[in-house]
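Hi,

Here is the model I promised to pass on.

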Amino acid sequence: MHVESLNNAINSSTVVAILIASVAFAAIFNVPGQYVDSPSDISPGVSPGQARIAAKLPFMIFVVFDSIALFISLAVVVLQTSVVVIQRKAKKQMMAVINKLMWLACVLISVAFLALSYVVVGKDERWLANLITGIGTVIMVSTLGTLCYWVIVNHIEASKLRSIRRSSMTSGSRSLPTPYTSDTEILNNEHKKLYAV
């Protein structure tokens, strides 16, 4: 992979991590139904400032998954702003880890949104929450499935290239010398190649 592409991917994932962290943080404090704030609204077992929907299971799922997405995104931001990677191979490995963390954060914030949709639509319109869940699940599973496929295909192709290179180097010592093909030459020969890390 070219260094410029890696740098662009790292910069893009930093922006995405900041956006996910911002959305996750804002969502926790802007819950539907707001908070118990007046003394006349406080029922037994409820404290002032508590979310009105705090006792509902979908809200609990929302809080847990949204919080994990927030902390994963913040960890990615801290990692990208604190670690300076110079070597191309190390930069590619870091990008692969960051991408997987961002995939996880996207899944978690999606689950949090879907859980909260069951509270927002109410009991009478549960079909709408089921529809949203179905559409969201299809989109996320197909997107992540496609990305996983590309990652696996790229790993298989890279492994084949390494084995061809290794075999050509070992056979070259016994017979006629074979020209060494560098990574940049391979990349320049593959113009329409899609890379997933």
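**What I found**

Starting with α1: Leu6, Ile10, Ser13, Thr14, Ala17, Ile20, Ala21 and Ala24 are the buried residues in this helix. Buried here means under 20% relative accessible area, exposed means over 50%, and partly exposed is in between, using a 1.4 Å probe and protein chains only. Helices are DSSP runs of H or I with at least four residues, strands are runs of E with at least two, and both are numbered from the N terminus.

Before going on, some bookkeeping. This is a predicted model, so local features need pLDDT of at least 70 and side-chain atom pairs count only at pLDDT 80 or more, while totals for chains, interfaces and linings use all residues. Residues are numbered from 1 along each chain as its sequence is written, and side-chain values use heavy atoms, with hydrogens and water left out.

Back to α1: its buried residues pack against α2 (57-82) and α3 (88-121), where contact is heavy atoms within 4.5 Å. The helix covers residues 3-29, and its 27 residues should span 39 Å at 1.5 Å a residue; the end C-alpha atoms are 40 Å apart, which agrees. That expected span is 1.5 Å times one less than the number of residues.

In α2, Pro58 lies within the helix and is partly exposed, at 24% relative accessibility. Setting aside neighbours within four places in sequence, Pro58 touches Ala115, Leu116, Tyr118 and Val119.

How many aromatic pairs does the structure hold? There is 1, and the ring centres of Phe59 and Phe62 are 6.0 Å apart with planes at 35°, so the pair is tilted. (Rings of Phe, Tyr and Trp, taking the six-membered ring of Trp, pair if their centres lie within 6.5 Å; planes under 30 degrees apart are stacked, over 60 edge-to-face, and the rest tilted.) Phe59 and Phe62 are both buried, and being 3 residues apart in α2 puts about one helical turn between them.

As for cysteines, the model has 0 disulfides, i.e. pairs of cysteine sulfur atoms within 2.5 Å. Cys106 is partly exposed at 28% relative accessibility, and Cys148 is partly exposed at 35%.

Cheers
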